[in-house]
Amino acid sequence: MSAQPAASLVDEGYVLVCRVDDLTPGAVAQADVDGVLVAMVRDSEGGIHALDDRCTHADVSLSEGEVDGCTLECWLHGSRFDLRTGAPSGPPATRAVAVYPVKIDGDDVFVSVHTGGTPPVNPPTTRVVTNDDLEK
């Protein structure tokens, strides 16, 4: 592996996370990428995915979940998230998890949590509750 591509990936905000062979197909591993916990998944076809490691329903680690096809299932309540988009496939989760870009350089896996990440499909909204709302 030449040093040039890896150096340019680092310049683009990517962090070396692991080697391809460190990720077992159909399993999940947790990685700390610049202080962000990420669930790393190698699917059965060899594709590598990086998702935020916190379930949007119960705030538990998704890296303890199970891979089923192209979804990652939360171990606590069974919410499933699409590995490619982060979108939940049904309740109890209603908000997507962030999906981060992955680049492979030789046998090295790089992830960026700061550039080009896909924000949750349904980001949380904030609503101010007034006294009038409470009286209704």
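1. The model contains an open sheet of 3 strands in the order S1-S10-S9, and the pairing is antiparallel. Strands, like helices, are DSSP runs numbered from the N terminus (E, at least two residues, for strands; H or I, at least four residues, for helices), and two strands pair if DSSP finds at least two bridges between them. Strand S1 (15–19) and strand S9 (102–105) stand at the edges with a single partner strand each, so one side of each has no neighbour in the sheet. On average, neighbouring strands of this sheet are turned by 35 degrees against each other, direction ignored; the axes are lines fitted to C-alpha atoms, for helices over the stretch in contact, and angles run from 0 to 180 degrees between N-to-C directions.

2. Before going further, please keep in mind that this is a predicted model, in which local features need pLDDT of at least 70 and side-chain atom pairs count only at pLDDT 80 or more, while totals for chains, interfaces and linings use all residues. Residues are numbered from 1 along each chain as its sequence is written, and side-chain values use heavy atoms, with hydrogens and water left out.

3. Strand S9 is joined by 4 bridges to strand S10 (residues 108–111), and the two run antiparallel. Within this pairing, Val102 stands opposite Val111 in S10, and Asp105 has Asp108 in S10 as its bridge partner. The hairpin of S9 and S10 has 2 residues between the strands, and in this hairpin Gly106 takes a positive phi near 65 degrees.

4. Turning to the cysteines, Cys74 lies in the loop between strand S6 (71–73) and strand S7 (80–82). Cys74 is buried, with a relative accessible area of 2%, where buried means under 20%, exposed over 50%, and partly exposed in between (1.4 Å probe, protein chains only). Leaving aside residues up to four places away in sequence, Cys74 touches Cys55, Val60, Leu62 and Ser79, a contact being heavy atoms within 4.5 Å. The C-alpha atoms of Cys74 and Asp53, which are 21 residues apart along the chain, are separated by 9.9 Å.

5. A disulfide is a covalent bond between the sulfur atoms of two cysteines. Here it is taken as a pair of cysteine sulfur atoms within 2.5 Å, and by this rule the count comes to 0 disulfides. Cys55 is in no disulfide, and the nearest cysteine sulfur, that of Cys74, is 3.8 Å away. Cys55 is buried at a relative accessible area of 4%, and Cys18 is buried at 12%.
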